[in-house]
Each structure stands twice: as C-alpha cells, then as structure tokens.
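Visitor: Please take a close look at strand pairing in this model, starting from the whole and ending at a single pair of residues.

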Amino acid sequence: MHINCINKEMLKDKKIIVGITGSIAAYKAAYIIRGLVKKGAEVQVVITPSGKEFITPLTLSTLSSNPVISEFFSNRDGTWNSHVDLGLWADAMLVAPATASTIGKMSNGVADNMLITTYLSCKAPVFIAPAMDLDMFAHPATQQNLDKLRSFGNYIIEPTEGELASHLVGKGRMEEPDMIIHRLDTFFASQNDLQKKKILITAGPTYEKIDPVRFIGNYSSGKMGFALAEVCAQRGADVILLSGPVALTASHPNIRRINVESAEEMYQVAISSFPETDAAILCAAVADYRPAAASLEKIKRESEGEVTLRLIPNKDIAASLGAMKKENQKLVGFALETNNELAYAKAKLEKKNLDFIVLNSLSEPGAGFRVDTNKITILDNTGRTTGYPVKSKQEVALDIVDKLVDLLK
Ligand code: PMT
C-alpha cells in the first residue's frame with residue numbers, strides 16, 4: 001500500500017537511527033531505509049549481531065550511504081563507536097523490526113549490544129515496530145515490556161495481523177514499511193502544529209481535606225493528563241499543566257506545571273489562566289463535593305457510634321470556563337462514566353458548553369484510572385461521535401490533540 005505523506009519535506013534532513021534486530025522482517029528494513037533516504041533523511045543503521053544473520057551490512061550500508069554500526073569498537077583498527085554521540089545526533093530512532101528479546105532488553109536496560117546502548121543514550125523520540133510470532137506478542141511478558149516502553153514515552157508501532165513466518169496467522173507481523181515511514185512523517189508534521197498556542201490542561205485528582213491527616217480523593221494517577229501535556233508541548237504549544245497531587249514528572253521545557261491540591265485551588269488557577277489561552281483540556285478528576293468544614297485538628301475516634309460528614313458542592317471548573325469561553329477559544333472536557341455512557345457524556349458536553357468531550361468508561365477493560373491505556377469515544381458539538389480502540393494513553397493523547405488542532409485551524 002502506498003501512503004501519501006502529509007508534507008513531502010517533513011523527513012528532509014532529519015537524522016534517523018534505524019535499529020535492526022534478528023527477525024525475518026529485517027528484510028523490510030531495507031525498504032524503510034530506502035524510503036527514508038528518498039525523502040531526504042540521513043540514516044544511520046545500528047544492527048544487533050543476530051540482525052546480521054537476516055540481512056547483510058553491505059545491503060544496509062549501500063542503501064543508507066553510511067557504514068553500518070554493530071560493535072562497540074572496530075576489530076580492524078580499534079575505533080570506538082560512540083553510542084552517546086549517536087544518541088545525541090538523532091532526531092528520531094526507529095527500531096524495526098524489534099524482536100521480543102530486544103524489546104525486553106530495552107525495557108529493562110540490558111545494555112549488552114550497541115543497539116541497546118544507543119537506545120539508552122538517545123534523547124530523541126523512539127519508535128518501535130515489533131515483529132514476532134503471535135503467541136510471543138500476546139505473552140504478558142512482552143505486553144508488560146511494551147507497556148513499560150510506552151511509559152518511557154516511546155512510540156509503539158503496533159504489528160498487524162496476518163500470516164507469520166511460522167505460517168500461523170495472528171497479530172505479530174511488523175507494520176509495512178510505507179506505514180512506518182508515514183508514522184514518522186506524521187510525527188514530524190505534527191511537531192509544530194501547536195506553535196504559538198497556549199493550552200491549559202488539568203490533570204490528576206483533587207484532595208478535599210477532612211482534617212490534617214485525611215482527605216476525600218479518587219484514583220486518578222494523572223497519566224492521561226500528563227500524556228496530553230507532553231503531546232501538546234511536543235507539538236509546539238506552551239502548556240500550563242494544572243495538576244492535582246500525583247507522583248509524575250513533566251519533562252518537556254514547554255510545560256509550566258502548577259501544583260494544586262483541592263478543587264477550589266484548581267478552580268482559582270484555571271479561572272485566572274484561561275483568558276490567556278487558546279484552549280483548555282480538562283482531564284482532572286475533580287471532586288464534586290468537599291467537606292463543609294475541614295477540622296483543624298485530627299478527628300479522634302470518640303466512640304463506636306457513626307460519624308456524619310457533611311459535604312457541600314465544589315464549583316464546576318469546566319462549566320465555569322464554558323461560560324466565559326470566547327469565540328476563538330476551544331474547550332475540551334472528559335466524561336468518566338460507568339453506565340449509560342453516551343447519554344451522560346452528551347449531557348455534560350452540552351451543559352458545560354464544550355467543543356468536544358472525551359468519554360472513557362470504567363466498564364471497558366484497559367480504560368480509565370491508573371492503567372497505561374485508555375479507550376475513548378469523542379462526542380463533538382456538531383453531533384459527531386467517533387470511537388477509538390484501546391491504545392496507550394500517549395496515543396490516545398495524540399488522537400485528542402489531532403482533533404483539537406483541527407478545531408484551532
Ligand atoms: O489520571 P488517570 O489515572 O490517567 O485517569 C484518567 C481519567 C480517568 C481521570 C481521565 O481520563 C478522565 O476521565 N478525567 C475526567 C474525570 C471526571 O472527573 O469526569 P466527570 O465525568 O466527573 O467530569 C466531567 C468533566 O468536568 C471533566 O472534564 C472534569 O475535569 C470536569 N469537572 C468535573 C467536576 C468539577 N467540579 N469541575 C470540573 O471541571
């Protein structure tokens with residue numbers, strides 16, 4: 001299949017490390033390298049010892065016009081191959097094909113070959129295209145390793161279903177070269193599509209104080225909101241990340257993080273920041289209620305009797321921003337539901353005056369709180385509803401931000 005690229009120039013002069021490992025799909029790496037070079041990219045191949053059993057360095061060096069790197073130093077003249085320099089040189093690293101063994105080493109930092117040391121030194125985005133037998137791919141060990149790589153911010157290019165080298169049929173075939181090149185193309189094309197835009201993102205839970213040692217909270221880890229912040233920042237936006245208490249770090253220099261604890265604190269910062277932004281994505285799981293009065297001292301257990309906690313409503317941040325939204329501003333909300341999902345999400349979309357709402361349901365496996373994946377449905381204010389499969393939160397963030405970029409155009 002031939003895929004037209006978004007912009008012919010996107011891969012021009014990009015420096016790309018192509019890592020090749022020991023899989024029958026290694027022959028496809030030759031097409032990837034040829035495609036990247038045709039688009040003007042500079043390619044440096046790093047191959048594992050078993051990769052060389054499947055495709056010759058001569059083929060790869062001819063296609064890339066660069067010597068292929070495999071060993072830490074040259075046996076001929078003792079020249080040292082610096083994985084650190086290579087890691088810093090690259091605009092992107094692509095490991096295709098990535099075997100289960102290499103994926104395991106990458107996720108655990110087992111630096112016993114040049115490809116892994118280069119990966120560990122690489123500051124650029126890393127794309128990984130797995131290739132293996134269906135049972136190896138489905139095994140929890142492989143899936144956990146892939147989840148770990150996703151959590152490092154690496155992009156997994158999912159394998160497709162089809163006939164495998166074993167003649168079994170299932171998921172494990174490395175994605176086709178044209179599609180892999182297209183993935184890199186879209187990545188670079190989207191890198192700056194939010195330049196000069198300012199985006200407010202809320203993330204994580206809120207804690208509503210009961211007394212100095214107790215609070216009402218929820219299970220939000222902040223993963224979804226932080227993934228959105230990273231994606232917006234990578235695409236050039238200045239991001240205000242308004243976060244409840246979470247154990248995550250936001251690494252991108254375009255992200256200004258403001259930590260808050262309660263819904264009221266989040267409300268105050270959101271209201272004062274929103275007017276200077278182009279859009280807000282409200283991903284935080286904000287408590288709808290808080291204790292009417294937080295005790296200044298620890299509440300003691302006095303007797304065996306019941307205790308009643310009186311709760312009062314918090315302000316609705318999304319609805320308040322919806323009311324103050326200007327024509328050129330966009331507002332994206334989330335709906336976390338357990339039942340009657342579409343109807344509840346649609347009601348929130350309308351009530352809070354959102355441009356679109358991202359529905360995720362706790363009744364769907366792999367969706368919602370804490371996990372590294374999510375399964376979303378986007379409902380917009382033109383009546384369109386779009387469902388997506390289970391994806392990593394990072395990939396879900398890309399889908400959400402793609403939709404926002406379309407609206408901001
Ligand atoms: O953090 P993770 O572990 O990765 O989990 C991600 C998530 C499940 C928390 C996230 O994907 C999500 O669904 N966030 C919204 C959770 C929520 O509070 O949903 P809701 O249906 O109760 O709220 C609807 C919308 O109104 C949300 O955009 C919410 O941020 C907003 N809201 C709610 C109450 C309030 N007082 N102010 C608000 O702005």
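Guide: The protein exposes about 19,800 Å² (Shrake-Rupley areas with a 1.4 Å probe), and carbon and sulfur atoms supply 52% of that surface. This is a predicted model, in which local features need pLDDT of at least 70 and side-chain atom pairs count only at pLDDT 80 or more, while totals for chains, interfaces and linings use all residues. Residues are numbered from 1 along each chain as its sequence is written, and side-chain values use heavy atoms, with hydrogens and water left out.

Of the 409 residues of the protein, 49% count as buried, that is, under 20% relative accessible area. Along the principal axes, the C-alpha atoms of the protein fill a box of roughly 80 × 50 × 40 Å. Among contacts (heavy atoms within 4.5 Å) between residues at least 6 apart in sequence, 67% join residues at least 24 apart.

The protein has 13 helices and 21 strands, taken as DSSP runs of at least four and at least two residues respectively. Five of the strands form an open sheet in the order β2-β1-β3-β4-β5, paired in the parallel sense, where pairing requires at least two DSSP bridges between two strands. At the edges of this sheet lie β2, residues 42–47, and β5, residues 155–156, each of which pairs on one side only. The partner of β5 is β4, spanning residues 126–130, and the two run parallel over two bridges. Within that pairing, I128 has I156 of β5 as its bridge partner.

Notes: Buried means under 20% relative accessible area, exposed over 50%, partly exposed in between (1.4 Å probe, protein chains only).
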